[in-house]
Amino acid sequence: MNRKVVSDLFSLVRSRNPLVHHITNMVTINDCANVTLAIGASPVMATSVEEVEEMVQLANALVLNIGTIQAETFSAMLLAGKAANEKGIPVIFDPVGVGATTYRKKVAGELLAKISVAIIRGNASEIDSLIGGKGKTRGVDAGDNSLDSKELAMKAANLFSCVVVVSGKVDIVSNGKEIVQIENGDIWLTKVTGTGCMTSTLIASFAGTTDDYFSASIAGMSAMSLAGEQARRKLSEGAGIGQFKVKLMDEIFHLDENIWGKEVSILES
Amino acid sequence: MNRKVVSDLFSLVRSRNPLVHHITNMVTINDCANVTLAIGASPVMATSVEEVEEMVQLANALVLNIGTIQAETFSAMLLAGKAANEKGIPVIFDPVGVGATTYRKKVAGELLAKISVAIIRGNASEIDSLIGGKGKTRGVDAGDNSLDSKELAMKAANLFSCVVVVSGKVDIVSNGKEIVQIENGDIWLTKVTGTGCMTSTLIASFAGTTDDYFSASIAGMSAMSLAGEQARRKLSEGAGIGQFKVKLMDEIFHLDENIWGKEVSILES
Amino acid sequence: MNRKVVSDLFSLVRSRNPLVHHITNMVTINDCANVTLAIGASPVMATSVEEVEEMVQLANALVLNIGTIQAETFSAMLLAGKAANEKGIPVIFDPVGVGATTYRKKVAGELLAKISVAIIRGNASEIDSLIGGKGKTRGVDAGDNSLDSKELAMKAANLFSCVVVVSGKVDIVSNGKEIVQIENGDIWLTKVTGTGCMTSTLIASFAGTTDDYFSASIAGMSAMSLAGEQARRKLSEGAGIGQFKVKLMDEIFHLDENIWGKEVSILES
């Protein structure tokens with residue numbers, strides 16, 4: 001990891017303003033669009049089979065998120081993913097709750113078989129499920145705390161030949177050779193829906209800015225964990241997850257290389 | 001009603017952390033997921049016919065909300081509802097705007113005929129429409145103020161053999177024998193979209209915690225009305241429904257048996 | 001333009017409380033429902049082909065927004081639009097990102113051919129694309145700054161025989177003869193998703209209040225630009241787009257003819 005390269009991405013994303021095409025879930029679609037704007041990129045959320053291939057032609061990165069996957073949306077993801085591969089833009093895959101049902105496993109398996117993804121981001125249970133483990137997913141939440149996130153990230157990165165991000169108390173990013181740990185964060189990030197989805201969006205915003213997907217993943221993951229930490233710290237008394245979510249968006253909006261340089265806590269191993 | 005039993009649910013829901021499966025509308029799906037987390041439960045919002053039956057196997061309660069009902073979502077509701085009945089977890093039905101169209105009446109009628117619901121929550125017009133009355137629903141808002149909510153709740157509870165919650169200026173909860181009135185609340189709860197849907201979610205969170213659905217309904221309904229009252233009281237000058245909605249989520253997040261015990265105003269009759 | 005007529009709409013919308021039926025995108029559907037309530041109207045967001053025609057019978061205005069258009073939703077729009085024309089309620093069309101894909105162009109073209117719309121609101125690129133220009137739409141954002149909004153508004157208003165609103169740094173409203181410029185606003189309105197969609201909703205709320213669609217369009221467009229300006233001014237230090245969005249809703253909620261009369265900056269030309 002080159003700290004300067006990661007740090008520079010915070011101004012680069014704002015000057016290059018990449019277009020991030022999302023095919024995502026109905027729960028957090030608004031938050032994902034707003035966080036795209038907050039970090040300095042532009043969102044488009046087209047999901048129709050009639051237009052996703054053409055929309056990809058305008059985009060700099062593609063997010064595929066299976067949080068409320070349905071048959072038609074899945075078809076759109078396959079079309080968009082192939083178009084993204086042909087065009088050479090990065091595909092960021094968020095396998096929300098993949099361990100929860102047979103259908104999600106099938107969808108994720110088919111996506112990974114047919115589309116070359118640049119980056120996968122999930123919690124430990126989700127990544128474990130992707131590589132055939134039995135990490136228990138309970139709905140869309142992280143289930144099994146016994147999993148070793150570093151091992152999972154490394155294994156999955158090698159299996160799928162991509163960068164893998166495992167979100168958790170400590171976040172892990174691996175490209176199959178290197179491993180980086182991000183030690184920022186706050187427990188309240190697990191008490192607001194969509195912080196995982198928004199992290200994938202942040203990663204995609206950076207991946208639409210640079211070909212260095214390892215650095216983009218570190219930038220995106222650390223942006224969320226750092227903003228969460230700062231937002232929590234700045235809350236006034238009596239605040240709960242309502243104000244925390246608002247403040248989280250504010251912190252991401254104001255995040256820059258200076259704040260990042262001073263506050264981020266990253267270990268390489 | 002046993003006040004202690006209801007009061008204890010506020011810590012129980014946080015320790016048991018039930019999984020609440022929602023098949024709900026596109027308008028308030030994010031708010032419902034967040035309010036599930038705020039009260040101490042976990043949300044999952046899978047809506048695809050391919051997976052809802054399997055998702056129900058992981059869940060402790062199921063919410064069916066027809067706010068933006070479509071044919072495919074309706075099919076998913078029937079599958080999920082039957083699976084919930086077989087598994088023995090409670091189904092909470094929110095008949096949003098049921099009086100507005102023939103299609104909604106058909107959908108609601110079929111759901112109630114084919115699925116055994118544990119709890120129904122709606123406004124007076126919606127509950128009146130369910131029992132064949134002519135209470136005018138104007139879109140998804142409460143329409144007719146002339147209806148007697150107590151009578152409606154009692155009638156509907158007996159007709160559908162379940163607990164019925166009628167939200168309004170005074171909220172009514174009935175199990176067909178007993179009737180409870182909740183006198184907390186604030187008019188601004190009608191000025192934010194989704195407070196009804198979120199109330200159904202709160203009720204489901206408690207119903208996923210205990211088999212006593214009457215107490216669960218009282219806990220959920222009073223949680224929203226009480227939090228709304230507190231949120232309004234604590235707003236600073238110049239605040240409007242934007243800040244009110246944020247504060248409402250904060251208040252639900254901080255609600256516990258002590259606050260509830262001190263502030264709730266419940267009458268039994 | 002009659003300033004008094006526009007100004008009076010702010011109290012009229014609250015007393016008449018029109019029902020605004022939306023068939024809209026999944027990204028900003030919650031914000032649109034809340035802004036409808038904030039200005040004093042009532043929202044309903046039914047999107048199913050099974051019920052939209054019947055729902056239109058209850059409505060005072062219909063919004064068609066193609067932000068995440070899909071085949072089934074498009075069918076619903078055609079049904080609802082025809083029903084609205086027959087009933088004589090205004091149709092407000094928001095051609096989100098119409099220049100981005102062939103599918104959106106086809107959808108917009110067919111809607112405008114088959115349905116008589118009362119008001120169109122878009123950014124300069126979108127309006128240019130509707131009248132056959134080559135204004136580059138980049139995803140759903142305004143693309144090309146070289147376009148002359150006044151000329152676009154006038155041309156489109158005459159071509160489609162309706163009122164046209166072109167949102168931008170300066171907002172333009174034209175009925176094909178008169179042109180009005182609104183000079184309020186704030187750059188942060190472009191940094192929150194859905195401010196365009198919400199503007200269309202505000203316009204529809206006023207158009208559901210009066211037959212004078214030119215005045216309704218001026219009221220709705222200026223309400224958003226003025227509220228954005230006020231919200232930005234009142235933000236505390238450290239606030240970002242999270243708090244801005246919350247404050248924006250507060251400002252719209254409190255907007256009345258006095259604030260509007262004092263603060264709005266409108267030029268007729």
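How many residue pairs, both at pLDDT 80 or more, are in polar contact between chain B and chain C? The count is 12 residue pairs, a polar contact being a pair of N or O atoms within 3.5 Å, where within protein one must be able to donate a hydrogen and the other to accept it, and residues adjacent in sequence count only if both atoms are side-chain atoms.

## Basis of the model

This is a predicted model, in which local features need pLDDT of at least 70 and side-chain atom pairs count only at pLDDT 80 or more, while totals for chains, interfaces and linings use all residues. Residues are numbered from 1 along each chain as its sequence is written, and side-chain values use heavy atoms, with hydrogens and water left out.

## Interface of chain B and chain C

In this interface, 31 residues of chain B are in contact with 30 residues of chain C, contact meaning heavy atoms within 4.5 Å. The two chains bury about 2500 Å² between them, 56% of it on carbon and sulfur atoms; this is the accessible area (1.4 Å probe) lost on being put together, summed over both.

The rule finds one salt bridge across the interface, and Glu51(C) forms a salt bridge with Arg104(B), with the closest N and O atoms 2.8 Å apart; the criterion is a side-chain nitrogen of Lys or Arg within 4 Å of a carboxyl oxygen of Asp or Glu.

## Helix packing in chain A

Helix H2 (residues 29-39) and helix H10 (residues 241-254) of chain A pack at an angle of about 30°, with their axes 7 Å apart; helices are DSSP runs (H or I, at least four residues) numbered from the N terminus, and axes are lines fitted to C-alpha atoms over the stretch in contact, with angles from 0 to 180 degrees between N-to-C directions. H2(A) is therefore roughly parallel to H10(A), a term for angles under 35 degrees.

Definitions and conventions: Chains lettered and ligands numbered in written order. Helix = DSSP H or I, 4+ residues; strand = E, 2+ residues; numbered from the N terminus. Parallel < 35°, antiparallel > 145°, perpendicular 65-115°, else oblique.
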